[in-house]
Amino acid sequence: MAPQIVELNRIALIPLTLTSLCSCPARVNLRHLELGAQPNFRKLSFKLEVGAQGARGQISVPNGVLVKHRRRVISAMARAEQPEQIDDSEITNEEVQRDTQLSAESEMDSEHRQKTSQLKKRVIFGLVIGVSVGGVVLAGGWVFTVALAAAVFVGSREYFELVRSRGIASGMTPPPRYVSRACSAICALMPLLTLYYGNIDMTVTSAAFFVAMALLLQRGNPRFAQLSTTMFGLFYCGYLPCFWVKLRCGLAVPALNTRLVESWPLLLGGQTMWTVGLVATLISISSIIAADTFAFIGGKAFGRTPLTIVSPKKTWEGAVAGLGGCIAISVLLAKILCWPTSIPSAIAFGILNFFGSLFGDLTESMIKRDAGVKDSGSLIPGHGGILDRVDSYIFTGALAHSFVKTFLPLYGV
């Protein structure tokens, strides 16, 4: 038997039923007639036609449903026929408020999940990087140098991509790609040449000369901005990281003053591997990590006063906490490793490491701000690029090497 048709001259709809009125037919869910949530009502179909003279609807009701639930259908139709006036403006306002609230809650929930996932990635990859770097530092020699050269190559590529970004390139002419790629290769070779020759002054001078010659002989109109950004790239990404090789591998004076060294297994290098360079590198890297950690915690807990406009998230309170953590770790490791032999030297070494890490971080933040990007790259999940992770170490290696070799008598032994 064909289903019965019930016509309604007026339909009372709950909010969010219609977002706009038009002359075309529209389908509306039956629950909008407040017939209940019975499963049999899913078989009912409801068609609403809206015209200039008002709304007219039809409900297609199977016979079995009409007989079994006659009272419910009639009651719903009676409620729909009640002459209750609904203010469209109130419905619209309620719709807007409800949609806004739901959208805000959804965005907050999504942002919370994203931050949680980001934090997990940072912790996991941070631990992996920390363990890997620790093993590379202990190994020293070619292992340390090759790993540093690989990081230098990737970091220099990120630097020249920042130079070519829209934020920086809009105000100047970036160097050609073949020049930036050649500079990245030269920067990667510098640590290897430092380990082999012990000094790279001539290498840097020769590289700067050939790069300047290539820029001056290029087609088109050479610009000073091309020369300045390229020379800074050679210095920032190539020359400065080489001091870590000179610090770790160049200071080969034995530091056999602790029980840890005396009991160090021969399979892992024995006592001879514990040199001033190894101890100084471990203290410097550990103090930089402590500075970043304590600065982050102190800034989150007590940060009120911005440190500089270059990095708005950094605060004076966080910087003081980072300085305290850096000095504390330097003194603690100096006590454990018996290097340097005096506490004032350990404190001075910690202060030097802190300011080197701080201004290295601010320098990279300035480059990223001018480039208009948040991260230098996306190589490391949760951390950004290589430059985002090593910016605190770029100046620190040169400062630490100069301090140990120049200001500590007999290298602090």
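**Charge pairs, ring pairs and surface of the predicted chain**

Both E364 and K368 are buried, where buried denotes a relative accessible area under 20%, exposed over 50%, and partly exposed the range in between (1.4 Å probe, protein chains only). The structure is a predicted model, in which local features need pLDDT of at least 70 and side-chain atom pairs count only at pLDDT 80 or more, whereas totals for chains, interfaces and linings use all residues. Residues are numbered from 1 along each chain as its sequence is written, and side-chain values use heavy atoms, with hydrogens and water left out.

E364 and K368 are joined by a salt bridge of 3.5 Å, N to O, a salt bridge being a side-chain nitrogen of Lys or Arg within 4 Å of a carboxyl oxygen of Asp or Glu. The two residues are 4 residues apart in helix α13, about one turn of the helix; helices (H or I, at least four residues) and strands (E, at least two) are DSSP runs numbered from the N terminus. In total, the structure holds 6 salt bridges. Another of these pairs D361 with K314, with the closest N and O atoms 3.1 Å apart; because D361 belongs to helix α13 (residues 343–371) and K314 to strand β6 (residues 311–315), this pair ties together parts that are 47 residues apart in sequence. D361 is buried at 15% relative accessible area, while K314 is partly exposed at 22%. A salt bridge also forms between D370 and R369, whose closest N and O atoms are 3.9 Å apart; D370 is partly exposed, with a relative accessible area of 42%, and R369 is likewise partly exposed, at 42%. Elsewhere, R157, E161 and R177 are linked in a network of salt bridges.

Aromatic pairs number 15, counted where ring centres of Phe, Tyr and Trp (its six-membered ring) lie within 6.5 Å, with planes under 30 degrees apart taken as stacked, over 60 as edge-to-face and the rest as tilted. Among them, F209 and F210 are edge-to-face, at 5.5 Å centre to centre and 70° between the planes, whereas F232 and Y236 are stacked, at 5.2 Å and 15°. F232 and Y236 are separated by about one helical turn, because they are 4 residues apart in helix α8 (residues 224–239). F232 is partly exposed at 31% relative accessible area, but Y236 is buried at 0%.

The structure holds 0 disulfides, a disulfide being a pair of cysteine sulfur atoms within 2.5 Å. For C242, the nearest cysteine sulfur is that of C187, 8.4 Å away. C242 is buried at 1% relative accessibility, while C249 is partly exposed at 24%.

The chain contains 15 helices and 6 strands, and buried residues make up 39% of its 413 residues. Of the contacts (heavy atoms within 4.5 Å) between residues at least 6 apart in sequence, 69% join residues at least 24 apart. V331, in helix α12 (residues 316–337), touches I343, A346 and I347 when residues up to four places away in sequence are not counted.
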